[in-house]
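Please brief me on this protein chain in short points. Start with its salt bridges, then cover its strands, its cores and the confidence of the model.

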Amino acid sequence: MKTKAILFLVLLLSITTMIAQDNCSKFYPMTEGVAMEYTNYNKKGKVENVSSFKVVNVSNTGGTTNATMAINLKDNKGKDIYDTDYNLSCTGNMVTLDYESLLPTEMMQQYGDMDIEISGKDIEIPNDLSVGQNLNDANVTMKISMSGINMNMAVDMTNRKVEKKESVTTPAGTYECFVLYSENRSKMMMANQVYPSRVWLSEGVGMVKQETYKKNGDLMSSTMLTSFNQ
């Protein structure tokens, strides 16, 4: 349960690297109708679930682009786990994610007496990425209160850097990518762990691939872009 919760927080951080705005960042499209499908695998390469993202609304106000993203998550048998919409805004080359909007309404209704608060420092992806470049840290925190019990979970994404460039082929196509490394330091109750990860990022597409590892380097999980439509 603990590991899945931490990996969920890592996914929240990664979501901000999947989508952005053309005039904010050269790496991502943000146009109504753009759709992406990501397949998530366990350490043995077996499908765990499939997540779909679609830009359903885009507006521009005072130099800031606001977008609504629809997300659907299905299990490995194709059964819906949840659907929700979440909100993003983009100013300059900085994408800001409304973390609270990521929580599905159905889940909040199911746990009506549970108070969940999510906040974080969003991932920054400069337009001028180069191999060897160091990037700013990011983090996300989840605070849960239920029946007088409080629990805090957090992930700090540190030591972010651009490792290299390489070509990656997925079912969605072949992409030239920057490989971004980071150390995801999780904090939950009294325990602290480190989950290193790599993200393959392609101009005009966003995240193409992601791998999360144990501290010893063994693969824990991976995600791959399996469909992309503009």
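The count of salt bridges in this predicted model comes to five. A salt bridge here is a side-chain nitrogen of Lys or Arg within 4 Å of a carboxyl oxygen of Asp or Glu. The model is predicted, so local features need pLDDT of at least 70 and side-chain atom pairs count only at pLDDT 80 or more, while totals for chains, interfaces and linings use all residues. Residues are numbered from 1 along each chain as its sequence is written, and side-chain values use heavy atoms, with hydrogens and water left out.

**Salt bridges**

- K164 is partly exposed, because its relative accessible area is 38%.
- E166 is also partly exposed, at 25% relative accessibility.
- E183 and R185 form another salt bridge, at 2.8 Å from N to O.
- E183 is buried, at a relative accessible area of 17%.
- R185, at 34%, counts as partly exposed.
- K209 forms a salt bridge with E211, and their closest N and O atoms are 3.6 Å apart.
- Both K209 and E211 are buried.

**Overall layout**

- The chain holds two helices and twelve strands.
- Helices (H or I, at least four residues) and strands (E, at least two) are DSSP runs, numbered from the N terminus.
- Along the sequence, the pattern reads α-β-β-β-β-β-α-β-β-β-β-β-β-β.
- The chain has 230 residues, and 47% of them count as buried.
- Its accessible surface is about 11300 Å², and 48% of that belongs to carbon and sulfur atoms.
- That area comes from the Shrake-Rupley method with a 1.4 Å probe; for residues, only the protein chains shown count as cover.
- Among contacts in the chain with a separation of 6 or more, 48% link residues 24 or more positions apart.
- A contact means heavy atoms within 4.5 Å.

**Strand pairing**

- Two strands pair if DSSP finds at least two bridges between them.
- Strand 3 and strand 4 are antiparallel and pair over ten bridges.
- M69 has Y86 of strand 4 as its bridge partner.
- Four residues lie between strand 3 and strand 4 in their hairpin, and G78 in the turn has a positive phi of about 85 degrees.
- Strand 9 and strand 10 are antiparallel too, with twelve bridges.
- S186 has its bridge partner, Q193, in strand 10.
- Strand 10 and strand 11 run antiparallel and are joined by six bridges.
- R198 stands opposite E211 in strand 11.
- Strand 10 and strand 11 also form a hairpin, with three residues between them; G204 in this turn has a positive phi of about 80 degrees.

- N159 is not a glycine, yet its phi is positive, at about 50 degrees.
- N159 sits in strand 8, which covers residues 149–170.
- N159 is partly exposed, with a relative accessible area of 42%.

**Nonpolar cores**

- In soluble globular proteins, nonpolar side chains tend to be buried together.
- A nonpolar core is a set of buried Ala, Val, Leu, Ile, Met, Phe, Trp, Tyr and Cys residues joined through side-chain atoms within 4.5 Å.
- The largest nonpolar core has 25 residues, and M36, F53, M69, Y175, L225 and F228 touch the most other members.
- Strands that each supply at least two residues of this core include strand 1 (35–42), strand 2 (47–61), strand 9 (173–188) and strand 12 (219–229).
- Strand 3 gives the most to this core, with four residues.
- A second, separate core has eleven residues, including F27, A138, F178 and L180.

**Confidence**

- pLDDT is the predictor's confidence in each residue, from 0 to 100.
- The mean pLDDT of the chain is 80, and 77% of the residues reach 70 or more.
- Which elements have the lowest and the highest confidence in the chain? Helix 2 (residues 105–110) is lowest, at a mean of 51, and strand 12 is highest, at 94.
- Residues 18–22 have pLDDT below 50; beyond near neighbours in sequence, this stretch has 29 contacts in the model.

Terms used
Buried < 20%, exposed > 50% of the residue type's maximum accessible area, 1.4 Å probe, protein only.
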